[in-house]
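Please open the structure in a viewer and keep the selection tool at hand.

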Amino acid sequence: MSLTLKLNGQTHTVDAEPGTPLLWVIRDELKLTGTKFGCGVASCGACTVHLNGEPVRSCQTYIEDVEDAEITTIEAVGDDKIGAAVQQAWVELDVVQCGYCQSGQVMSAVGLLSENSKPSVEEIDEYMSGNACRCATYQRIRAGIQRASEILEA
Amino acid sequence: MTINTSRRGFLKGAAAAGAVLLVGARPDGALAAASSETTQFNPFVKIDADGTVTAIVKHFEKGQGPATGLPTLIAEEIGLTMDQIEYEFAPSDPNVYNNLLFGPFQGTGGSTAMANSWLQYRQAGAAAREMLINAAAQSWSVDASGITIEAGIVKAGDKSAPIAEFVAAASQLEAPAEPRLKDPSEFRLIGNESVRRKDSAIKGNGQAMYAMDVHVPNQMVAMIKRPESKGGIAKGFDDSASKEVKGYINAAILPNQAGVAVYAEDTWAAIQARDALEVEWDMSGGETRDSDQIKAEIMAALESEPTYNVNKADVAAVSAAIDGADKVVEKTFYFPLLAHAPMEPLNCTIEQTAEGDIVLHDGAQMPTGPHMAYQQIFQLPPEKIHIKTMLAGGSFGRRATPDADYQVEAALAFVVTDRSRPVKLVWTREDDIRSGYYRPAFGHKVRVGLDADGNIVGWQHQIAGQSVIKGTAFEAVLVHDGVDHSSVEGVADSPYAIPGMALGLTDTPKATTVLWWRSVGHTHTAYTMETMMDLVAEAAGRDPVEFRLAHLSDSANPDQQRKAAVLKLAVEKAGWGNAPAGRSQGIAVHKSFGSYAAEVVEISGDAENGIKIEKVTCAVDCGIAVNPDVVKAQMEGGIGYGIGHVMRDQITLTSGAVDQSNFPDYEPLRIGDIAAIDVHIVPSAEAPTGVGEPGTPPSAPALANAIHAMTGTLVASHPMAENGINFV
Ligand code: FES
Ligand code: FES
């Protein structure tokens, strides 16, 4: 079936069956490959995108449910000042290793800072607990969020 | 030696018009230079006419940093800033890009990238510098000795010009046979903590391209339906339900009958169509054992005479010494199967060009593996096979299969088609957990005797498990007198001076497909050695640090001295012995891959209500730390990888089928599991050694020793969460 998606400020008409995870429409049809496939069952966070500014796992978000939403992916999250601050902090601290989980980490970090501009360590650990990093870059993720919070405060 | 030229197209821009200076090494190791692509060698450094300098990175980037480290070596020697050097991955060509430590095999593993490239890349950079300087000397009519290059600018007295000016002239010169390498006192980039990774930005903004992101025109996505347990054979299939899936194309039994390939227009269609496919399996040759049986076999082997007397010890004498000892400490350990689970599920894309060449897009860790396998499968000469190395979303050993498993699977899924459409093979996380290669299960049994003064009089150590190396192409190099060194490394070559050591090994029968897993044998040997050191020290009534140092006291033995030094540094930085109230500490130190790491784990809580890991302090000696911040990151990651698995993870089998399937039951380390990691690097003038793996071995035993200190129980079977230890 044909659907209209609002993604990264643009309108796209896509052809997908109901029940298709948003992840695969983004990756395979729109060919935006920054959003990653890690588990498909909402337990790693690699596929995190924003729906109306809130992080969701796109592997468990179905295409028919997002027609009216504003979708933002990693490719556009840096257009916003929180996204830009997180990306800047990530580079300053060299958070990444293999990098495969990091799109999702950045999307979740932006979600956290959007609702809590100065999160405590406990709040960071709690909020980010659904984003797995097999390279175990966690301590830099924590520091990166704190640094982004500082950048935003300045 | 003949090397075709078509493959060189992968060096983007190398064939572009204008002068280009290329410097590298010939297959015999001699430095070589040329003005454009040649058939004589492949370059390590390329300088375009406009002065753009590119490091050709022969080791693949899975997060461990060669895309930063190798450019650092070249930038240092030429005299550039890190912003003035780019990188690209080398094409697959083992004759020129071989890993010196592996023989004629291009690969990355065993934490060798920096160790192997340290001199090679510096020499190439230094040769380029000398050639640019000699060209400037001619052009300016000044003596070469008065010319320097700094931040990409060539200078002599009041003359200065960017290196671009001399590329054309330099490319006409011979490469110096022995260029002068910078003295460590002149280093500005090597060892500089402020040097940043070159791949940070693209990995934080979604632009980084992994193999999973490859989309070649007209591609099909293939997924493989595999039997429940390994060894099953596909006899036939019914795809009537798959046909209901929009985007389903067709299915075909793989030529080796190991599974059925399902082809679809996109990934989601492939996932659904594979789910819907019914396959008739012949399971008569399939694995049927439970992991309990595999464990029982290992335990039985530990109770029997070992097959190999690894260190040719006088076993009867050692045994008698222990029998007659004042005190005996005895412990049996079990380590389960583990999956690697790199974040990017395995995948690769294969296509055939109009000329009949085969192109593989792959996060290839050992490109020589698929390169050789494809010559057989496609009956093509090596120059007709091209491997494009993409970024890899982690590996931990999984991408380095000696039999090139997933690349071969992709080739098989491709050859059963008419080859008109490229095939992208995609594994799901379930495929990764259930159909993979595993860290083999291992058991250790150790008996240590102490005299009345608390001195070791005998250490009898038995190891049993499935060999990783036997039956692979590496057997000739890594198996000696029947002993797979990777099964005993970390015990057999321990720097500790242990009197009366007898080490025995028994290979247990093949249980499943096994593979090296971050730090290989050290995953179980370090745990055994370092928890035993604590238990033995306790029995001797001695402090665990002092007891270790007493066995590392030979001042003429650099191995012992370096191991002792990291131990002391970790003790100092961790505030060993001064843990805040309610906390316990554990320590472990281990040498692996030429590097030494000591770690102190500090925990709070208790076993019943849950233990919390508050802090891990690490001291590492990896020779010269080329990029100290990358070294720290690798230690942080190695510690997390080691601790995460012993806390909660194992792979178990029921009737040969893997019980776990995805992250919910193979739970990764999460952000809240370790509150802080603090890494310290021992200053060193030695050549660089590994950093990708050495952080892992001491992490789990240090945790175990902390738990032992807190609870009085040493956990000798993993995962800890299923052996009486709860974590919060
Ligand atoms: S792929 Fe969506 S949470 Fe893992
Ligand atoms: S950086 Fe590799 S999985 Fe997170």
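The stops that follow concern a predicted model.

**The contact between the chains**

Begin by displaying chain A and chain B together. Their contact takes 51 residues from chain A and 60 residues from chain B. About 4400 Å² is buried between the two chains, and carbon and sulfur atoms give 54% of that area. On the chain B side, select Trp268(B), Met343(B) and Ile671(B): these lose the most area to chain A, together 19% of what that side buries. Seven salt bridges are counted between chain B and chain A.

**Helix 6 of chain A**

Next, select residues 138–153 of chain A, which form helix 6. This helix has 16 residues and reaches 23 Å from its first C-alpha to its last, close to the 22 Å expected at 1.5 Å a residue. Its buried residues include Tyr138(A), Ile141(A), Ile145(A) and Ala148(A). The buried residues of helix 6 pack against helix 3 (81–92), helix 4 (102–115) and helix 5 (121–127) of chain A, and also against helix 17 (628–648) of chain B. Arg140(A), another of the buried residues, joins its side chain to that of Glu636(B) in a salt bridge, at 2.9 Å from N to O.

**Ser43 of chain A**

Now move to Ser43(A), in the loop between helix 1 (22–29) and strand 3 (48–51) of chain A. Is this residue buried or exposed? Ser43(A) counts as buried because its relative accessibility is 11%, under the 20% cut-off. Beyond its neighbours within four places in sequence, Ser43(A) is in contact with Gly130(A) and with Asn662(B), Phe663(B), Pro664(B) and Arg670(B).

**Strand 9 of chain B**

Select residues 220–225 of chain B, which form strand 9. Five of its six residues are buried, so the strand is largely enclosed by the rest of the structure. Strand 20 (residues 423–426) of chain B runs parallel to strand 9 and is joined to it by three bridges; there, Val221(B) has Lys424(B) as its bridge partner. Strand 12 (residues 260–264) of chain B runs antiparallel to strand 9, with five bridges between them, and Lys225(B) stands opposite Val260(B).

**The nonpolar cores**

Finally, select Ile47(B), Leu132(B), Trp459(B), Leu703(B) and Met720(B), which have the most contacts inside the largest nonpolar core, a set of 210 residues. Helix 3 (residues 113–140) of chain B supplies the largest share of this core, 12 residues. Among the contacts of Leu132(B) are Leu21(B), Ile47(B), Ile78(B) and Phe166(B). A second, separate core of 30 residues includes Leu346(B), Leu360(B), Ala411(B) and Val423(B).

Key. Residues numbered from 1 in each chain as written. Chains lettered and ligands numbered in written order. Predicted model: local features only at pLDDT ≥ 70, side-chain atom pairs only at ≥ 80, totals over all residues. Heavy atoms only, no water. Helix = DSSP H or I, 4+ residues; strand = E, 2+ residues; numbered from the N terminus. Buried < 20%, exposed > 50% of the residue type's maximum accessible area, 1.4 Å probe, protein only. Contact = heavy atoms within 4.5 Å. Pairing = 2+ DSSP bridges. Expected span 1.5 Å × (residues − 1). Core = buried A, V, L, I, M, F, W, Y, C linked by side-chain atoms within 4.5 Å. Buried area = accessible area lost by both parts, 1.4 Å probe. Salt bridge = Lys/Arg side-chain N within 4 Å of Asp/Glu carboxyl O.
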